[in-house]
Amino acid sequence: MSALNAPPLLAPTPTIGPSRTVLGALVAMVLAVHALLLWGGDAVFGSSGTGNTPLSPPSGAVLNTRRIEAPVRVAAAAPAKPQTAAPRPAPARRPRVAAPPAANPGAPGVSAPALEAPALTSTSSSDAPVSPAGDSAPEGPSTESHAPFITGPQGSVPAQDSAASPPPEQRPTAIKVPPPIRLSYDVRAEVKRLPYQANGEMRWRHDGQQYEAQASIRLFLIGSRSQSSQGSLTPAGLAPRRFGDKVRNEQAAHFNAEQGKVSFSANTPDAVLLPGMQDRLSVFMQLASLVAADPAQYPAGTRISVPTVGPRDAETWVFAVDGPEDLRLSQGPMATLKLTRAPRAEFDTRVELWLAPDIHYLPARIRITQANGDFVDQQLSGVGQP
């Protein structure tokens, strides 16, 4: 074959396949199917409306879901173990409280009630000149109950457990204060075995609300001693405010009811102010007021306990009723009721009182005996106006 007869190298290759018309029809058909799926999907996947009209495409459709939880098997709880109550601790045993001595129910003269009070410091005597109203220096310690009360002739009843026995019956103490009076005394004393004679005097004044008491004694070559007491009169008797005791210089005790204490000018420790507390002079008027109100309450053997303040400290004076006794005085015989405060320790002072109905149960005789044997004995010699 000659070169003139060969086909040209750059001649176009004929196209094999569908025509452009066919391809355009296919594309149009695919687009129609996609449009049908996108916009007519609700009709295809099920209608939510009525009739055969498909719903419009949703706008902002909300997808609601519901969570279904499988039931959980819970193991049956074991029965609760009954709790055993913790054993209650045994109640603490209450301390025994010393109860005021009570009168024997079968004995005459039922006693007046006791007032509970804390213990105080006891006092004793010294070699200082004796006074008409007691000793003047600290005594030994005391083991007696420091509460003002009166007990019957049979003495005190042993203290019982307060939880096991009821408290003793209590009732008010009767009081009859003596009227104003002045008492004069013949005084016989012995100091360091030397005898002395002197005169003494006791003045008692009041207006029904306030009282004042004074007592004095003068001993030759020994000097004088005076005591004074001022205070109020109450339904329970005397309530001192100040007690003074003067030998050379005066020492005083001040009763402070608001603070509940007694303070001393001697700079000794304060004492607790107890109900019914007296001083060493007012105690005589208080005893007279008790006995005068109801003498039948004080047969022999009765004990009267009175917290008593001295110039430097306080203690409880316990008087035992010895019984009736007739005195022979310069004025003649006189019926009395004798009371004794017996020593309780080695250096205690003995105080003996003879209370006379004729002078409103004030002392017709006072005898004070020191532990060393010194004594002063005052016997009534005259009665007058204060």
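The protein has three helices and 16 strands, where helices (H or I, at least four residues) and strands (E, at least two) are DSSP runs numbered from the N terminus. This is a predicted model, in which local features need pLDDT of at least 70 and side-chain atom pairs count only at pLDDT 80 or more, while totals for chains, interfaces and linings use all residues. Residues are numbered from 1 along each chain as its sequence is written, and side-chain values use heavy atoms, with hydrogens and water left out.

**The protein as a whole**

- Of the 386 residues of the protein, 37% count as buried, a word that here stands for under 20% relative accessible area, with exposed meaning over 50% and partly exposed lying in between (1.4 Å probe, protein chains only).
- The accessible surface of the protein comes to about 23,400 Å², and 57% of that surface belongs to carbon and sulfur atoms; such areas come from the Shrake-Rupley method with a 1.4 Å probe, and for residues only the protein chains shown count as cover.
- Among contacts (heavy atoms within 4.5 Å) between residues at least 6 apart in sequence, 55% join residues at least 24 apart.

- Strand β2 (residues 181-191) runs antiparallel to strand β3 (residues 194-206), and 11 bridges join the two; strands are taken to pair if DSSP finds at least two bridges between them.
- Within this pairing, R188 stands opposite Q197 of β3, and in the hairpin of β2 and β3, which has two residues between the strands, K192 takes a positive phi near 50°.
- Strand β3 is also joined by nine bridges to strand β4 (residues 210-219), again in an antiparallel arrangement, and here A198 has L219 of β4 as its bridge partner.
- The hairpin of β3 and β4 has three residues between the strands, and in this hairpin G208 takes a positive phi near 95°.

**A nonpolar patch**

- L23, L26 and M29 make a nonpolar surface patch of about 290 Å², where patches are made of residues with over 30% relative accessible area and no salt bridge, like charges being joined within 9 Å and nonpolar side chains (Val, Leu, Ile, Met, Phe, Trp, Tyr) within 5 Å.
- One of these residues, L26, is found in helix α1 (residues 20-39) and counts as partly exposed, at 43% relative accessibility.

**Salt bridges**

- Side chains of opposite charge can pair when their charged atoms come close.
- A search of the whole structure finds 14 salt bridges, each being a side-chain nitrogen of Lys or Arg within 4 Å of a carboxyl oxygen of Asp or Glu.
- R280 forms a salt bridge with E315, with the closest N and O atoms 3.8 Å apart; R280 lies in the loop between β10 (278-279) and α3 (282-293) and E315 in strand β12 (residues 314-329), so the pair ties together parts that are 35 residues apart in sequence.
- R280 is buried at a relative accessible area of 2%, and E315 counts as buried at 0% relative accessibility.
- D348 and R344 meet through their side chains in a salt bridge (3.5 Å, N to O), in which D348 counts as buried at 4% relative accessibility, whereas R344 counts as partly exposed at 29%.
- R280, E315, R341, R344 and D348 are linked in a network of salt bridges.
- R365 forms a salt bridge with D377, the closest N and O atoms being 2.7 Å apart; R365 lies in strand β15 (residues 362-369) and D377 in strand β16 (residues 375-384), so this pair ties together parts that are 12 residues apart in sequence.
- R365 counts as buried at 17% relative accessibility, and D377 is buried with a relative accessible area of 1%.
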